[in-house]
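Hi everyone, thanks for making time for this.

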Amino acid sequence: MELLPKGQVAAPEFGRVWINSGELTLAELRGRVVLIDFWDYTCVNCLRTLPYLLEWDMRYRDKGLTIVGVHAPEFTFARTAEHVRKAVARFGIRYPVVLDNDYQIWRAFANQYWPAKYLIDADGFLRYMHFGEGSYQETEEAIQTVLRERDAGVELPPVMASVRDTDEPNARCYRVTPELYLGYRRGKLGNAGGFQQDKVARYELPKMLEPEVVYAQGPWLARAEHIESAATDSDERAGLALVYAAKEVNLVMAPNGAPEYRLLVGQDGKPVGREDAGEDIEFDEAGRSGVRVNEPRMYKLIRNARFVPRRLELAAVGSGLGLYAFTFVTCLAE
């Protein structure tokens, strides 16, 4: 662990819309150590860091640390304060969160990543940075170092152990299918002709699927940020198919046309096995596996018992369900 020198890089100020707190400024927090966490409530990598942030808040709040979550939204729906408030409550976040919808704080820090952590000392200078997941023990050691600079006599606990076995140094991380966006601005559709932008189109699956490419089947409306189901007949389905390799599969979705939708989820031509089901998968009386989509967030579809290439099949019931991005997790404990 290496800290930046004292007194060289001054940290920029915050924004105006706050959750869990009134409006704060770094000037008001002078004398406390501040950990800035850039995050988005739909970002799987951000969510995987939350157990550490929540524990650090409990351990060090009374020792002189203030954590500030800077919520920089990746999708338009995540700009809505109420959606962020619900996520903050759902995840049990007690530290202050500021909304950075216009990316002013993001640009002030010249940030480029979700998640990203910036540690600011009691004099208001930047001392440490970390981008992405991992390095949790190193980050906590940096927090402790700067807290001891603030108060040489402060009593601090031992650095916390890993909360997941996949965070251990001996965890094996395979090459994972990359994040796949489902809007035409950043995404790619494997069907002939690709996305039919801003109009309802009917897509057909080819006989062979290229790995790590999303394919559509049936009626879909392609938007810049997402693809939206356009099935109006009760017997019709809007489907997606994907050959992937990962331990876990997540999907960001939003109910854009009705309060709730059901998304049927299959794997390798059959319902998802219970041993491979993600936290949000439910099984109906007929044994079909699916997800109830009733709020805009990331849904956990798959948690495979084994790491092997699989084929994922989705079928949306009804018109107006928005699908935004697939994310994948791949690390396994040894």
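Let's start with a hairpin: β5 and β6 form one, with 5 residues between them. In the turn, Gly-124 has a positive phi of about 90°. One thing to keep in mind as we go: this is a predicted model.

Which residue in β6 is the bridge partner of Ala-116? That would be Phe-131. Likewise, Tyr-118 has Met-129 as its bridge partner in β6.

β5 also pairs with β2, again in the antiparallel sense, over 5 bridges. There you can find Val-34 standing opposite Ile-120 of β5. For anyone new to this, a quick reminder: strands of a sheet pair through backbone hydrogen bonds, either parallel or antiparallel.

Let's zoom out to the sheet. It is an open sheet of 6 strands, in the order β1-β4-β3-β2-β5-β6, and its pairing is mixed. The edge strands are β1, residues 18-19, and β6, residues 126-131, and each of these pairs on one side only.

So is β5 buried or exposed? Here 5 of the 5 residues of β5 are buried, so β5 is largely enclosed by the rest of the structure. Both faces are covered: on one side you have Ala-116, Tyr-118 and Ile-120, and on the other Lys-117 and Leu-119, and all of them are buried.

Next, what packs on this sheet? Helix α4, residues 136-150, does, touching β2, β3, β5 and β6. The direction of α4 makes about 170° with that of β6. The buried residues of α4 include Tyr-136, Thr-139, Glu-140 and Ala-142. Among the elements that cover the buried residues of α4 are β2, β3, β5, β6 and also helix α1. We can check the length of α4 too: at 1.5 Å a residue, its 15 residues should span 21 Å, and the end C-alpha atoms are 21 Å apart, which agrees.

That brings us to α1, residues 44-60. This helix has 17 residues and reaches 25 Å from its first C-alpha to its last, close to the 24 Å expected at 1.5 Å a residue. Where does α1 have a kink? The kink, of about 35°, lies at Leu-50, shortly before the proline Pro-51. The buried residues in α1 include Val-44, Leu-47, Leu-50 and Leu-53.

Now for the aromatic rings. The structure holds 16 aromatic pairs. One of them is Tyr-52 with Trp-56, a tilted pair with 6.2 Å centre to centre and 50° between the planes. Both residues lie in helix α1, 4 residues apart, which is about one turn of the helix. Tyr-52 is buried, and Trp-56 is buried as well.

Compare that with Phe-77 and Tyr-324, which form an edge-to-face pair, 4.9 Å centre to centre with 85° between the planes. This pair links distant parts of the chain: Phe-77 is in the loop between β3 and α2, while Tyr-324 is in strand β20, 247 residues apart. Phe-77 is buried, with a relative accessible area of 11%. Tyr-324 is buried too, at 4%.

There is also an aromatic cluster, formed by Phe-38, Tyr-103, Trp-106, Phe-109, Tyr-113, Trp-114, Tyr-118 and Phe-131. You have met two of those names already: Tyr-118, the bridge partner of Met-129, and Phe-131, the bridge partner of Ala-116.

β19 pairs with β12, residues 237-244, in the antiparallel sense over 8 bridges. In that pairing, Ala-238 stands opposite Ala-316 of β19. β19 also pairs with β14, residues 261-267, antiparallel over 6 bridges, and there Arg-262 has Val-317 as its bridge partner.

One last stop: is Glu-279 buried or exposed? Glu-279 lies in the loop between β15 and β16, and this residue is exposed, because its relative accessible area is 68%, over the 50% cut-off. From Glu-279 to Ala-201 is 78 residues in sequence and 32 Å in space, C-alpha to C-alpha.

Methods
Residues numbered from 1 in each chain as written. Predicted model: local features only at pLDDT ≥ 70, side-chain atom pairs only at ≥ 80, totals over all residues. Heavy atoms only, no water. Helix = DSSP H or I, 4+ residues; strand = E, 2+ residues; numbered from the N terminus. Expected span 1.5 Å × (residues − 1). Bend = angle between axes of the 7 residues up to and from the residue. Buried < 20%, exposed > 50% of the residue type's maximum accessible area, 1.4 Å probe, protein only. Pairing = 2+ DSSP bridges. Contact = heavy atoms within 4.5 Å. Axes fitted to C-alpha atoms, helices over the stretch in contact; angles between N-to-C directions. Phe/Tyr/Trp six-rings, centres within 6.5 Å; stacked < 30°, edge-to-face > 60°.
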